[in-house]
Amino acid sequence: MTPIPVVLITGASRGLGRGIAIQAAAEGLSVAINYASNAAAAEDTVERCRRAAPHEAQRFVPVKADISSRDDRAAMIAQTLDAFGRIDALVNNAGIAPRVRADLTETSEASFEELLRVNLQGPFFLTQAVANHWLAKHHDAALPGGFKVIFVTSISADTASINRGEYCISKAGLAMTSQLWAVRLAAEGVQVLELRPGIMATDMTSGVKDKYDALIAEGLVPQRRWGSAEDVGRAVRAVLAGHFPFTTGDVIHLDGGFHIRRL
Ligand code: NAP
């Protein structure tokens, strides 16, 4: 019997990660739902995944871990393997905005370090650990087209915001991280993709809602709406389902056309 594939999704308690978890559940996967501190939100994601799941045998397990901590990352992988016995896909979604939006002339080293540890170093080394598990050939991939790694970056990877430069730098680095792992793992049966969301309605952007409402109404986003967690979830689902079989290292834009240069 083919095993139920398992996806580990970081930052799946809220926002885009929750949307990804629900769509993965709908696709028939079991899900390790990583979160940093909000256990109640992670339980809510578990419940929503159960409702979306087509099979009784799928399981949804919350896993608490700070992805910027090496020990937590190792414990998260061990817990996932304890719970499911396998990992077929990793979605590096968790990320943070700066605590304070500060002009480049006032960016603090503490904020710079925090953003790079969570948004860049964490996903790089988590991917390294999962890749090494796969390279040790403990099990075959249960997903069509092999194992998958997805990096959730941001339009900030190539859009300069001078009031949160450290965020842009972390996402630009993550975009290269995706290409690096794509090249390293392509011959090992691992597909790697970058999803690059635009302006998305989550807790992360709730503080700047009015500003972005106005910019979207003025046409900053050609499709003239906010993106949603479901938009990202559906794209991840397509990748997990094997609908991009001859693609690796690519960027999938999820931004309503924001990235198109216009005149
Ligand atoms: P969000 O609503 O703030 O949710 C963040 C999620 O990440 C939560 O599940 C949180 O867990 C988790 N998290 C935060 N720090 C963590 C850490 N150190 N270790 C493990 N988990 C951690 O954020 P979002 O808007 O969904 O963003 C998700 C990703 O998309 C991020 O990488 C973000 O940069 C990117 N993105 C967002 C937008 C946007 O407009 N919202 C646009 C482009 C890209 P707790 O619930 O436990 O706190």
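**Salt bridges and exposure, questioned**

Biologist: Why does Arg99 count as exposed?

Modeller: Arg99 has 71% relative accessibility, and the exposed class begins over 50%, so Arg99 counts as exposed. Keep in mind that this is a predicted model.

Biologist: Thanks! What makes Glu114 and Arg99 a salt bridge?

Modeller: Their side chains meet at 2.5 Å, N to O. The cut-off is within 4 Å, so the pair is a salt bridge. Glu114 sits in helix α4 and Arg99 in the loop between β4 and α4, 15 residues apart, and the pair links distant parts of the chain.

Biologist: And why is Glu114 called partly exposed?

Modeller: Its relative accessible area is 22%. Buried means under 20% and exposed over 50%, so Glu114 falls in between and is partly exposed.

Biologist: How do you know that Arg184 and Glu188 meet in a salt bridge?

Modeller: The N to O distance is 3.6 Å; since the limit is within 4 Å, the pair qualifies as a salt bridge.

Biologist: Nice. What about Arg50 and Glu47: why are they partly exposed?

Modeller: Arg50 has 48% relative accessibility and Glu47 has a relative accessible area of 35%.

Biologist: How many salt bridges does the structure hold?

Modeller: The structure holds 13. Arg18, Asp44 and Arg48 are linked in a network of salt bridges too.

Methods:
Residues numbered from 1 in each chain as written. Predicted model: local features only at pLDDT ≥ 70, side-chain atom pairs only at ≥ 80, totals over all residues. Heavy atoms only, no water. Buried < 20%, exposed > 50% of the residue type's maximum accessible area, 1.4 Å probe, protein only. Helix = DSSP H or I, 4+ residues; strand = E, 2+ residues; numbered from the N terminus.
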